[in-house]
Amino acid sequence: MPLFDVYPLYNVTPVSAKGVHVYDDNGTEYLDLYGGHAVISIGHAHPNYVEALKSQVSKLGFYSNAIQNPLQKQLADKIESLSGCKDYELFLCNSGAEANENALKLASFKTGKSRVVAFSNGFHGRTSAAVAATDNKNIIAPINAQQAVTILPLNDIEGVKTELEKGDVCAVIVEFIQGVGGLDQGSSEFFEAIDKLCKANNTMFIADEVQSGYGRSGKFFAFQHYNVTPDIIPIAKGMGNGFPIGGILIHPNIESKYGMLGTTFGGNHLACAAGLAVLNTIEEENLVENVNSLSEYFIAIAKTISQIKKIKGRGLMLGLEFDFEVGELRKELIYNHKIFTGGASNKKLLRILPPLNVKKEHIDQFFEALKKVL
Ligand SMILES: Cc1ncc(COP(=O)(O)O)c(C=O)c1O
């Protein structure tokens, strides 16, 4: 049976990986500065992670959400302690889109309203309400287009005010650092105004941390660079280091009710074991500190390269903007220099999303290669 052909693929076949390296079927080593779309947080095949998954699957890999699963509570407590988000409650699911879908649904349940405000170039996933809130017409099917969504430019405080005061907006959803769109960020005035406007208009403030969360921005959550209190915080990518897991942190002003949300696979034993191994490793290896020091190191070198017109993003969620499209550059990096990097909707942007335990020597290797290609 042929595969449904929706992905343009590089001609590389990884068969194993360790730390920041991936190995193909010929034994060639690649430096992974993309982490499979920002997913690899603690590094490939980290021993803590491998051990936790092996040990859990040999005991109990899965049971449904109809029984007690203490691993879910352990995971929730660990997220609370590492993020400093006190008092939030956790609902577990399986992916970023699902996290946002549940977040939007909850906002609508809570407020009794249904319109969503989202932002230009934002990406929130491919399911029903999440894709409708995504600023890309090519991936919105007619069945999704019936959702009421208003897309505003980033930093349009007046626009947000006007829309929220109409009284029918259940949620404002925003990425504090845009991922797929190309690493743009709103201003602190903008984020802090959204926070206030949401609170004044019975609208839920959703901080989509699917990509920017879990230390990638240099704080546990990217919204923590600002003085805001989101109502709902969707998380996913770095959470499982490759194991499919997502979740939403829910402020206690939203009350739970039996049956309100639910999932078969979400929060299963194996996913929780993966999630706990990731958080324990982030803590034990001080990975958030590593993000900050390596980010500084990376940016300092990037500033010395004249062809780089703009450095975007924060922490290890970075973008290098050139005055040409980077498709060929990425191909040269992968095929000739054996380095994985990422692209964005902004075709002139090279995205850098390495595992959070990347070292200086890997960054040096990248810049040497980049200079040769340029
Ligand atoms: C900010 C953001 N939200 C949501 C998603 C969707 O996540 P998933 O692909 O796991 O459904 C993504 C994926 O790139 C993302 O970057």
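This report walks through a few local features of the predicted model above.

## Before you start

Residue numbers begin at 1 in each chain and follow its sequence as written. Since the model is predicted, local features need pLDDT of at least 70, side-chain atom pairs count only at pLDDT 80 or more, and totals for chains, interfaces and linings use all residues.

Helices (H or I, at least four residues) and strands (E, at least two) are DSSP runs, numbered from the N terminus.

## Helices α7 and α8

Let's begin with a helix pair. Helix α7 (residues 157–165) and helix α8 (residues 188–200) have axes that come within 10 Å and cross at roughly 10°. Axes here are lines fitted to C-alpha atoms, for helices over the stretch in contact, and angles run from 0 to 180 degrees between N-to-C directions. α7 and α8 are therefore roughly parallel to each other. The angle classes are: under 35 degrees roughly parallel, over 145 roughly antiparallel, 65 to 115 roughly perpendicular, and the rest oblique.

On the α7 side, I157, V160, K161 and L164 meet E189, F190, A193, I194 and L197 of α8. Two residues are in contact if their C-beta atoms, placed from the backbone, lie within 7 Å. The residues of this α7–α8 contact split into seven nonpolar, no polar and two charged. For these classes, Ala, Val, Leu, Ile, Met, Phe, Trp, Tyr, Cys and Pro count as nonpolar, Asp, Glu, Lys and Arg as charged, and the others, Gly among them, as polar.

## Around the ligand

What surrounds the ligand? There are 15 residues around it, and the closest are G96, A97, G125, G179 and V210. To be near a molecule or strand, a residue needs its C-beta atom, placed from the backbone, within 6 Å of it.

Helix α4 (residues 96–111) supplies the largest share of the shell, three residues. Sorted by class, the shell has five nonpolar, eight polar and two charged residues.

Helix α11 (residues 327–335) has L329, R330 and L333 buried. Seen down the axis of α11, these buried residues fall within an arc of 100°, so they line one face of the helix; the arc is that of the directions from the helix axis to the C-beta atoms. G327, E328 and Y335 are exposed on the other side of α11. Buried means 20 or more other C-beta atoms within 10 Å of the residue's own, exposed means 12 or fewer, and partly exposed is in between, with C-beta atoms placed from the backbone.

The cover over the buried residues of α11 includes β13 (339–340), β14 (349–352) and α12 (360–373). In the loop between α11 and β13 you'll find H337, which counts as partly exposed with 17 C-beta neighbours inside 10 Å. Beyond its neighbours within four places in sequence, H337 touches E332 and A369.

Strand β14 holds I352, which is buried, with 24 other C-beta atoms within 10 Å. Setting aside neighbours within four places in sequence, I352 is in contact with L33, L318, L320 and T341.

## Two positive phi angles

Most residues other than glycine have a negative phi. L183 has a positive value, near 70°. L183 sits in the loop between β7 (169–174) and α8, and counts as buried with 26 C-beta neighbours inside 10 Å.

Y214 also has a positive phi, about 65°, although it is not a glycine. You'll find Y214 in the loop between β8 (204–207) and β9 (232–235). Y214 is buried, with 31 other C-beta atoms within 10 Å.
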